[in-house]
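Open the model in your viewer and keep the selection tool at hand. Each stop says what to select and what is there.

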There are 2 protein chains.
Amino acid sequence: MSKTKVSIKDIAQKAGVSTALVSYVLNGKEKESRVGQEIALKIKQIASELNYQPSHLAKSLRSGKTHTIGLIIADISNPFFANIARVVEDEAKRYGYTVIIGSSDENAEKSQDLIDVLVNRQVDGFIIVSAENSDQQVQLLKNKHIPFVLLDRYFPEIATDFVSTDHYKASYDAGTHLVRNKYKHIGMIAYDSQLFHMKERIRGYRDALQDNNITHHSSWLKEVRINDIESGVKRALDEMLSSDQPIDALLFATYSLAVSGLKYINKLGLKVPDELAIVSFGQAEVFELYYCPITYLKQPIVHLGQTAVELLINKLKNKPDEPAQILMQAELIERASSKTKKTLKA
Amino acid sequence: MSKTKVSIKDIAQKAGVSTALVSYVLNGKEKESRVGQEIALKIKQIASELNYQPSHLAKSLRSGKTHTIGLIIADISNPFFANIARVVEDEAKRYGYTVIIGSSDENAEKSQDLIDVLVNRQVDGFIIVSAENSDQQVQLLKNKHIPFVLLDRYFPEIATDFVSTDHYKASYDAGTHLVRNKYKHIGMIAYDSQLFHMKERIRGYRDALQDNNITHHSSWLKEVRINDIESGVKRALDEMLSSDQPIDALLFATYSLAVSGLKYINKLGLKVPDELAIVSFGQAEVFELYYCPITYLKQPIVHLGQTAVELLINKLKNKPDEPAQILMQAELIERASSKTKKTLKA
């Protein structure tokens, strides 16, 4: 055996082909990549002559034998993700898999670090709640044939496996519910984000108003940066409440926005729902224990997490050709915070 | 190079010593283990003759070069742990380390699985929030010289590095606070657990009552199994409220117990604090947004998490002889839920 380890690059140089091609062939993917039989044979012969040893990583990715799943969540301190992580763990354990978790902190760079760290540590595959601007890393995982399933968030322009809530429909239902309960000036606080699920939540809200013949006022939609939630939400509420068309109802696009918003609403002394009705995405004890229980969009956390694990394990075992893309419906849980508006007699 | 990999066992057999001794010597620990110089030299010579290659694991543990920390938390769906995980990540990142997280689900077996998985994946060291009955695995990590720091929970009988809240003092302060605010029948709901921090919380509560000349009534302390929180808390509250000495104040030993308890207190229609005063461990938005903001013991999450990372990195770099054992004080944040009792005029 030679002193230095033989790499795919060495084989590629000797065969006069690209490293990607060598990788395809040595990973048994020559059919998918339409490599000529002759070239494939040549690559294999050179690999054999050079006594090439595939790395542990490549081996484990092929055999799926580490029985470890890497779960990348967007923010561990958000109870939605923490709870879904718990479901993924429980479900993975049922299949004999251990889950290693990384939190990207809604940061694409950190997400890439975590993927690198976990790929090098031989996870069989990934379940990923994507951070903003991480579409290229998702594309790269796909190109490298590393098995993964996107959870809760996906990129419509990349054909991947995903399991997600139908964010558009959920938001549309929330808007329609508020209209039916006689609210007319319905605002929304969302994230200022390029993430598709956030755009969908905003689109659902806008369409609900439009389809119910409510003319949208420009001050009713506020987009807050995720690294500036507290002051962003305060500013948004101040502007929405003091506009010439002040809001009488408010949809929070996430749990974190709602928590900041409710604290500020308490500080302002506004009565929910009489002075401001509330509906929120996300779910947490706080919605149940607030003085006026909060109407919320219940995402199917258990079903989402379980299905993501099932899809990934199916992918590891059967390598299906077509990606599985599953949208699940959120359920509007009606509580006191959005009950039918009391109308004042003129 | 021989075909099969030379192991520590091979060297031990040839040298006629234990594998542990070989491990000590080859990991540069001969001084600590008081191995004779002659034996150490012999072991090193045999290792060299056999062309022994330390495994990646051993290498990475010695060099601390993977720049990855394994964080084992007790339950990812508990906001206390989720928040402390976020702090550990942020602090580790400042030092250039990536954190991989596993959640043991308060289960010692799962904790062992995670440690095995992460040791095999070459983390430099661990930060661990221990599950019940995991003292043996902590002892084993210590015996194997794998660097780790215990966080929030520790085993007083094992001399390890740890960073923890002073749980006894926190609980004592809570009890004393309730006595000062004129409550006389002070109950506590805790976990039925062998974990030292839980025993300490109970001891602090009992001592606070005793030192304030309040005779403890047997119905005032209830211990609930962690896998039966909801019904356990209901049963506990029913018994505490219907005893011949019904409680007028209640200390919850954890956030999860408090959330279950507050839901049931709402259901019973009890007014906080007039009919029942509340103090709780843990911290979460729910305590702030409850109709009557909840007095809680604020654990120094940021300081705990940061110090655990600092200790571990110091351990990786400098290999200090003595374990660092740090207790930090919780702060009682007084809110409306435990304000001075209204006394009825006879």
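This is a predicted model: local features need pLDDT of at least 70, side-chain atom pairs count only at pLDDT 80 or more; totals for chains, interfaces and linings use all residues.

A:Pro273 sits in the loop between helix H11 (255-268) and strand S9 (277-280) of chain A. Helices (H or I, at least four residues) and strands (E, at least two) are DSSP runs, numbered from the N terminus.

Go to chain B. The peptide bond from B:Val272 to B:Pro273 is cis as well, with omega near 0°. B:Pro273 lies in the loop between helix H11 (255-268) and strand S9 (277-281) of chain B.

Next, select A:Asp105. Look in the loop between strand S2 (98-103) and helix H6 (108-120) of chain A. Phi of A:Asp105 is near 60°, a positive value in a residue other than glycine. Most residues other than glycine have a negative phi, and most peptide bonds are trans.

A word on numbering and limits. Residues are numbered from 1 along each chain as its sequence is written, while chains are lettered from A and ligands numbered from 1 in the order in which they are written. Local features need pLDDT of at least 70, side-chain atom pairs count only at pLDDT 80 or more, totals for chains, interfaces and linings use all residues, and side-chain values use heavy atoms, with hydrogens and water left out.

Colour chain A by domain. The parts are domain 1 (8-54), domain 2 (65-165 + 301-329) and domain 3 (167-299 + 333-338); the bounds come from an automatic or database domain assignment. The centres of domain 1 and domain 3 of chain A, taken over C-alpha atoms, are 56 Å apart.

Now select helix H1 (residues 8-15) and helix H3 (residues 37-49) of chain A. They pack at an angle of about 125°, with axes 10 Å apart. Axes are lines fitted to C-alpha atoms, for helices over the stretch in contact, and angles run from 0 to 180 degrees between N-to-C directions. Show the side chains of the contact (heavy atoms within 4.5 Å). H1(A) brings A:Ile11, A:Lys14 and A:Ala15; H3(A) brings A:Lys42, A:Ile43, A:Ile46, A:Ala47 and A:Glu49.

Finally, show both chains. How can chain A be laid on chain B? A turn of 180° and a shift of 0.1 Å along the axis do it, with an RMSD of 0.4 Å. The copies are superposed by least squares on the C-alpha atoms of residues with pLDDT of at least 70 in both. The two copies are thus related as by a two-fold rotation axis.
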